[in-house]
Amino acid sequence: MRNVKRIAVALVLFVAATGFVNAQSKVAHINVQQLLSDMPEMKAAQAELKKLQETYRADIQSSMTELQNKYTQYQNEATSKTREENEQRAVELQGFEKNIQEAEQAAMQEMQKKQQELFAPISDKAKAAIEKVAAAKGYDYVIDASPGLSLIVAKGPDLLADVKKELGF
């Protein structure tokens, strides 16, 4: 009877230990920022954003130049104008400056919207490729190893090369 209990206890411990070993998850890591920056689609999207940004910058710069020219003109003509005209001109300049600030804010919002529009499908494509490679290699978890994301030690397998291969570059 004692031997049966010992065998039963040993069997329970063996099953528990085997279950614990099998319950351990396989973990890999990937630097998602590097993956995204290496993707040809991301480079094209960044070029498009840069072009749009330069267009907005040129428009705002020309408005700033126009404002500066008006300010200089009004300053030079201030002595020959009445006080009411000078006050009206000052209000006009303030309104023009306010319009420029609003244009800058609108440009920033448009840039953010465009960035989201361009980057979302690229990010989704990268995520799908990471999931596909992780599933094919049997990984339960893939940790983002991008700098600044609190990953301290990355001794497990790096999936960057495999995901790039999956994406075709």
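Visitor: Which elements do the buried residues of α5 pack against?

Guide: This is a predicted model. In it, the buried residues of α5 pack against β1, α2 and α4.

Visitor: Which residues of α5 are buried?

Guide: Start with the general idea. An α-helix has 3.6 residues a turn, so residues three or four places apart point the same way. Now the case here. Leu160, Val163, Lys164 and Leu167 are the buried residues of α5. They lie on the same side of the helix, because they cover an arc of only 100 degrees around its axis.

Visitor: Which residues are on the other side of α5?

Guide: Ala161 and Lys165 are there, and they are exposed. After α5 comes Gly168, with a positive phi near 90 degrees.

Visitor: How do I read a nonpolar core?

Guide: In soluble globular proteins, nonpolar side chains tend to be buried together. Here, the largest nonpolar core has 22 residues. Ile30, Leu35, Met39, Leu159 and Val163 touch the most other members.

Visitor: Which elements each supply at least two residues of this core?

Guide: They are β1 (27-30), α2 (32-38), α3 (40-77), α4 (83-137) and α5 (160-167). The most comes from α4, which gives 9 residues.

Visitor: What is Ile30 in contact with, leaving aside its neighbours within four places in sequence?

Guide: Its contacts include Leu35, Ile130, Val142 and Ile143. Leu159, Leu160 and Val163 are also among them. So are some residues of other kinds, including Asp144, Ser146 and Asp158.

How values were computed:
Residues are numbered from 1 along each chain as its sequence is written. This is a predicted model: local features need pLDDT of at least 70, side-chain atom pairs count only at pLDDT 80 or more; totals for chains, interfaces and linings use all residues. Side-chain values use heavy atoms; hydrogens and water are left out. A nonpolar core is a set of buried Ala, Val, Leu, Ile, Met, Phe, Trp, Tyr and Cys residues joined through side-chain atoms within 4.5 Å. Buried means under 20% relative accessible area, exposed over 50%, partly exposed in between (1.4 Å probe, protein chains only). Helices (H or I, at least four residues) and strands (E, at least two) are DSSP runs, numbered from the N terminus. Contact means heavy atoms within 4.5 Å. The arc is that of the directions from the helix axis to the C-beta atoms.
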